[in-house]
Amino acid sequence: EALVVSGGCCGSDHKQYVIGGWAWAWWCVSQAQRLPLEIMTVVCQCEDIETIEGVPVYVTGVAQVKVMTDLELLAVACEQFLGKSVMETKSVVLQTLEGHLRAILGTLTVEAIYQDRDQFAQLVREVAAPDVGRMGIEILSFTIKVNQILTSQI
């Protein structure tokens with residue numbers, strides 16, 4: 001986990017970021033908060049999304065994400081997620097990934113989704129990475145878990 005120590009004498013706005021270590025925090029004038037750096041599994045389920053051909057599909061993607069430990073990016077992640085639970089962090093990442101997954105599904109054919117799942121997953125990862133990166137989050141992996149054509153509406 002990352003430890004963020006803020007505050008200090010005379011209203012200082014300096015923050016100290018410590019990964020896997022310790023830091024001094026003065027009882028009355030400093031605040032110490034923790035940000036988990038663990039890998040989070042995010043499951044994206046997109047139901048009844050129409051492909052470019054108008055065929056509704058059901059796709060489930062599984063992403064492994066984590067907070068980046070580069071100090072500049074850690075500061076960004078702290079700005080976004082410090083004080084929030086892991087579930088709240090996962091929810092923000094989930095909404096972003098689902099949006100990109102839906103957008104990409106609308107540009108592909110059913111054959112393209114089925115024939116090259118790895119390329120499809122890589123495309124989602126490449127498109128979503130800059131957005132979650134601006135939140136201080138890194139996509140470690142993204143895979144397509146389940147693909148179905150909803151034949152009841154064809």
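This is a short tour of a predicted model, stop by stop. Local features need pLDDT of at least 70, side-chain atom pairs count only at pLDDT 80 or more, and totals for chains, interfaces and linings use all residues. Residues are numbered from 1 along each chain as its sequence is written, and side-chain values use heavy atoms, with hydrogens and water left out.

**Stop 1: the core.** Select Leu101, Leu105, Phe120 and Phe142. These residues have the most contacts inside the largest nonpolar core, which has 37 residues. (Such a core is a set of buried Ala, Val, Leu, Ile, Met, Phe, Trp, Tyr and Cys residues joined through side-chain atoms within 4.5 Å; buried means under 20% relative accessible area, with a 1.4 Å probe and protein chains only.) Elements giving two or more residues to this core include α2 (86-105), β4 (40-50) and β5 (56-67). (Helices are DSSP runs of H or I, at least four residues; strands are runs of E, at least two.)

**Stop 2: α2.** Select 86-105. α2 has 20 residues. Its buried residues include Val93, Leu97, Leu101 and Leu105.

**Stop 3: β4 and β5.** These strands run antiparallel, joined by 9 bridges. (Strands pair if DSSP finds at least two bridges between them.) They form a hairpin with 5 residues between them. In the turn, Gly54 has a positive phi of about 85°. Cys44 stands opposite Gly61 in β5. In β5, 11 of 12 residues are buried.

**Stop 4: Cys46.** Cys46 is buried, at 0% relative accessible area. The whole structure has 0 disulfides (pairs of cysteine sulfur atoms within 2.5 Å).

Methods. Buried < 20%, exposed > 50% of the residue type's maximum accessible area, 1.4 Å probe, protein only. Expected span 1.5 Å × (residues − 1).
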